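Work through the following exercises with the coordinates open beside you, and try each task before reading its solution.

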Amino acid sequence: MNTSPTEANRNFSAWQKPTLRYLLQETDTFVTCVELVTSRGTITERDGRRMLALARKLTDNPGIHALSITDNPGGNAMMGADTLGTDLISRGQEVIIHLSCKDWNRNALQSRGWQLASEGFNNILALSGDYPTDGYHGQASPVFDTDSVGLLKMFTDMNAGMKVGTGKRSQVLQRTNFLLGAVVNNHKRYEREVMPQYFKLKKKIENGAAFIINQIGYDSRKQDELLKYMAAHKMRVPVIGNVYVLSRVAARFFNKGNIPGVIVTDALLNLIEKQAKSKDKGKAFFLELAAKQCAIAKGLGYRGVYLGGHLRYTDFERILKMANRFGEDDWKDFATEICFHYPDEFYFFEPDPETGLSSTEISREYLFSKRPDALKAAKQTIPLSYKINRTVHDKVFEKGSWGFTIGKRISQAVDGTSKTVKRVIHGAEQAVKVPAFDCRDCGDCSLPDIAYLCPESQCVKNQRNGPCGGTRQGKCEIGEKDCIWARAYDRLKAYGEEEKMLDGPAIFKDGALKGTSAWSNTFLERDHHAHKKSNS
Ligand code: SF4
């Protein structure tokens with residue numbers, strides 16, 4: 001029997017729920033997703049059995065559209081998502097599998113993609129991932145061979161029918177049918193964090209993200225702003241609002257900054273501490289807060305909610321029932337109530353004086369900071385080394401410049417000589433780049449992509465396609481260093497170039513170039529800069 005693509009996406013047979021793709025792309029259903037965090041140990045452990053029982057109950061509820069299973073969250077080893085996921089899809093449940101880049105390189109991710117597609121999983125949430133915090137006999141080493149953008153691009157190519165092998169042995173593989181999702185962390189404090197997150201969101205969508213889930217947050221104005229920013233920048237993909245159900249323990253944990261990128265302000269924590277003194281330890285308050293957030297998400301125009309937290313099945317039921325009982329406009333009051341942010345929080349848009357939410361007028365202060373006189377002043381604060389690096393790049397490494405022509409000739413001559421000559425030239429390059437940039441000799445240089453900051457030595461996740469979501473007030477989630485992408489934003493903004501900082505195709509570092517001259521690789525067009533030009 002022939003079925004249309006729409007029919008195939010529906011899966012309305014007696015035992016299967018409609019697909020997430022169908023719900024998001026062909027209906028206006030407000031979808032409900034629940035996040036399941038797998039446990040440690042096998043499924044037969046107490047925690048594993050408990051999670052399986054919860055997941056099966058959620059599966060039996062027709063109002064729960066998708067169950068989303070995490071991938072070693074918090075940088076810890078947990079049971080793989082497939083064990084739980086396979087059981088659930090066999091019961092007709094839509095499942096979203098999280099896939100992060102911290103524990104797998106690109107080959108392992110690709111292989112995992114084929115495995116997931118073969119097992120019947122179609123919904124993937126692509127993440128860079130949390131930095132590992134734990135491991136057997138010491139902390140595990142992170143991989144980060146690619147990132148969320150690279151992962152999206154690779155899976156998009158798999159959806160298109162990927163060509164593998166070379167020459168006579170090459171073949172085009174069958175298309176996978178992944179619905180790819182990505183995360184945006186819009187709940188950031190400073191402009192130098194918020195704006196790069198928005199730019200990266202655009203890059204994720206360009207590379208195949210077909211739905212977005214935003215990071216946990218308790219600021220309705222920022223929730224509103226995200227949708228308005230996306231509309232203003234023609235990012236037309238459905239967004240699912242994250243609703244993490246707090247407890248006192250979780251709120252304290254978040255307030256201390258223990259989960260990268262998740263913020264609970266002091267004002268919200270104070271409220272929670274007060275509520276937690278009640279007889280039920282604040283339980284009713286927490287469930288109501290979550291129900292109100294669901295109503296806000298619906299009212300603002302999100303396409304669904306993404307519920308998370310350590311809850312029992314009955315808690316999920318209570319939240320959803322409560323959210324459904326609210327009046328049509330109640331969310332507006334809730335939105336003014338749930339607006340927890342820092343006093344100096346950056347917003348791209350001015351507030352709407354009537355609602356306290358976001359207007360569509362771009363922040364006057366932000367626009368002021370982009371005026372020529374403000375940029376001139378900003379330039380004074382930029383390190384001289386950056387200005388020199390820009391000039392050198394333009395005159396030597398930019399294709400078409402006189403320096404590039406000479407560099408290419410020299411590189412071609414050196415390429416054909418002995419290993420000793422190559423070693424001497426490479427050594428001279430390292431003598432400049434190690435002290436100047438803390439170069440790690442990767443051979444596929446991203447300095448020009450990140451305002452002359454080295455991702456190998458200064459980004460713990462080696463992020464080459466924009467910042468991960470883990471920063472805290474502009475600082476890296478590991479250690480106390482400023483995020484290189486926040487620093488790059490400051491540098492580029494002084495030159496009026498920050499809005500283009502993530503333009504261009506996804507960047508993949510070529511591991512084959514490690515330990516070779518990055519300068520020669522640029523001049524001989526062996527590195528990602530050459531791919532960038534040929535792809536653009
Ligand atoms: S060559 Fe690689 S390791 Fe060296 S500065 Fe450039 S990006 Fe960093």
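**Exercise 1.** Determine which residues of helix 7 meet which residues of helix 8, and describe how the two axes cross.

*Solution.* Start from the contacts, where contact means heavy atoms within 4.5 Å: Val 194, Met 195, Tyr 198, Phe 199, Leu 201 and Ile 205 in helix 7 meet Lys 222, Glu 225, Leu 226, Tyr 229 and Met 230 in helix 8. Sorted by class, the residues of this contact comprise nine nonpolar, no polar and two charged, with Ala, Val, Leu, Ile, Met, Phe, Trp, Tyr, Cys and Pro counted as nonpolar, Asp, Glu, Lys and Arg as charged, and the others, Gly among them, as polar. The model is a predicted one, in which local features need pLDDT of at least 70 and side-chain atom pairs count only at pLDDT 80 or more, while totals for chains, interfaces and linings use all residues. Residues are numbered from 1 along each chain as its sequence is written, and side-chain values use heavy atoms, with hydrogens and water left out.

Next take the geometry: the axes of helix 7 (residues 191-206) and helix 8 (residues 220-232) come within 12 Å and cross at roughly 50°, the axes being lines fitted to C-alpha atoms over the stretch in contact and the angles running from 0 to 180 degrees between N-to-C directions. Helix 7 is therefore oblique to helix 8, since angles under 35 degrees count as roughly parallel, over 145 as roughly antiparallel, 65 to 115 as roughly perpendicular and the rest as oblique. The crossing is right-handed, that is, the near helix is turned clockwise from the far one by less than a right angle.

**Exercise 2.** Describe how helix 5 and helix 6 cross, and list the residues that meet.

*Solution.* The axes of helix 5 (residues 106-119) and helix 6 (residues 148-160) come within 11 Å, crossing at roughly 45°, and the two helices are therefore oblique to each other. This crossing is right-handed. On the helix 5 side Arg 106, Leu 109, Gln 110, Gly 113 and Trp 114 take part, meeting Leu 151, Met 154, Phe 155 and Met 158 of helix 6. By class, the contact divides into six nonpolar, two polar and one charged.

**Exercise 3.** In what order do the eight strands close into a barrel?

*Solution.* The order is 1-2-3-4-7-8-9-10, with parallel pairing, where two strands pair if DSSP finds at least two bridges between them. From one strand to the next the twist averages 25°. As one case, strand 7 (residues 179-184) and strand 8 (residues 211-214) pair in the parallel sense over four bridges, and Ala 182 stands opposite Ile 212 in strand 8.
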